[in-house]
Amino acid sequence: MARSWQESKKLFTDACQLIPGGVNSPVRAFKSVDGDPIFIKRALGSRLWDADNNEYIDYVGSWGPAIVGHAHSDVVKVISQAAANGISFGAPTSLESDLARAVMTHVPSIEMIRFVSSGTEACMSVLRVARAFTKRNRIIKFEGCYHGHSDMLLVKAGSGAATMGVPDSPGVPSGTASDTLTVAYNDLGAVAAMFERYPDEVAALIIEPIVGNSGFIRPVSGFLEGLRSLCTKFGTLLIFDEVMTGFRVGLGGVQKIYDICPDLTCLGKVIGGGMPLAAYGGRRDIMAIVAPSGPVYQAGTLSGNPVAVSCGLKTLELISQRNFFPDLVRKTSTLVEGLRASAKKHNLPFSADFEGGMFGFFFNDKPVTNFTQAKMSNTPMFKKFFWGMMQNGVYLAPSPFEAGFVSGAHGDLDIQNTLEIADRVMKGGLV
Ligand code: KE4
């Protein structure tokens, strides 16, 4: 029986009178799948229920944070306990040092860290620090990578900016954007040429070391190593934006998997466990210039909020358990292999990849190594697949330029059911 979304439609109509586009973040608006968003009523484990009481197996996971599953009892308990002690003080607590140590245990390139409230804030702040430390202004970013919505980074951005067709948003002064140099992902030659053109002007190169905001795109062999040596050669700071990949692809992030040591790292999503918490950190000599220990100003009323930090601490504790990631990888691998097998069986142009608990797929039978290639994927096919999965109770990211996420709460039966549904949808034809 076709699903009804009447209640969500009513709530959406109401919200559109009050909130731009009826949502508080554009990618939630289902624009790129030509639909209206479902309104979520509650979630538990791997499941979501919408305002019409439709149940879904959830692979958005709040865009990554819900790695232990929704409303994990241990997480809810620590949040309640922390809140009962006071929700926010605007003063330091020992919890922040505990979370700092928990992060550094797994990400040794971070010698000092500053907590903030969003990935946008982390990426915006880290670039201010990089510019101050190097006394340079230019930054290099990659087409299709998304580092939040600060002015200097809304240049050829991925994720919602790409979905909405505004990778270069109106309202960003040309003067601000002019210092942001963009290059195609995986094109080391183009990066080298950019450095040759501005040999002593580039403060930082910021990258999603595995891209999640153009869909899932992996660095080609030697690419990250090449960036590391180019940045060292030209005195540019290498910044890994691991807001999405940190503690998601593995406890040490992409930098551990590829054995690359960035100068600075941005984190978010998982380290807050779904609460507003992110961070930037790295070399001690660089972080030492951040106020109040140094002159580079950055601040936040709710930075290091004790409730959010408690949520993050418990989340990191749960995912650090010995069998958490091996089990997450096994389930994600089963999902991706099964999707590949069905697409092959039904002669669909399809590629898929994953790392840890993060995956992505394109309706494209050619390799996707950059954003231009990602955009050549078959969008109508993606839309049909997305809605077929939605109608059958599987909630995927409503955009081809996003990644998917498996949680510790997804059971083998969830994966099996998902694959059975995907096969049926693919068999039904996506043209
Ligand atoms: P936030 O400001 O949304 O917390 O983080 C920005 C950000 C920075 N860096 C990376 C690699 C990111 O993926 C993000 C945010 N990711 C998107 C999803 N692709 C958030 C979802 C949304 O915009 O609503």
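Predicted model: local features only at pLDDT ≥ 70, side-chain atom pairs only at ≥ 80, totals over all residues.
Residues are numbered from 1 along each chain as its sequence is written, and side-chain values use heavy atoms, with hydrogens and water left out.

Q: What distance separates the end C-alpha atoms of helix H14?
A: Helices are DSSP runs of H or I with at least four residues, and strands are E runs of at least two, numbered from the N terminus. The expected span of a helix is 1.5 Å times one less than its number of residues. For the 13 residues of H14 (residues 379-391) this gives 18 Å, and the end C-alpha atoms agree, being apart by 18 Å.

Q: Which residue caps the N-terminal end of H14?
A: A polar contact is a pair of N or O atoms within 3.5 Å; within protein, one must be able to donate a hydrogen and the other to accept it, and residues adjacent in sequence count only if both atoms are side-chain atoms. At this end, a side-chain oxygen lies 2.8 Å from the backbone nitrogen of Met381. The capping residue is Asn378.

Q: Which side chain has an N or O atom 2.6 Å from an oxygen atom of the ligand?
A: The ligand is surrounded by 17 residues, each having a heavy atom within 4 Å of it. A nitrogen atom of the ligand lies 2.7 Å from an N or O atom in the side chain of Asp241. The 2.6 Å distance from a ligand oxygen belongs to the side chain of Ser25.

Q: Is Ser125 buried or exposed?
A: Buried means under 20% relative accessible area, exposed over 50%, and partly exposed in between (1.4 Å probe, protein chains only). Ser125 is placed in helix H4 (residues 119-134). Because its relative accessible area is 2%, Ser125 is buried.

Q: Is Asp259 buried or exposed?
A: Asp259 is in the loop between helix H9 (253-257) and strand S9 (264-267). Its phi is positive, about 55°, although Asp259 is not a glycine. With a relative accessibility of 69%, Asp259 counts as exposed.

Q: What is the geometry of the peptide bond from Ala291 to Pro292?
A: Most peptide bonds are trans. Pro292 lies in the loop between helix H10 (284-287) and helix H11 (306-319). With omega near 5°, the bond from Ala291 to Pro292 is cis.
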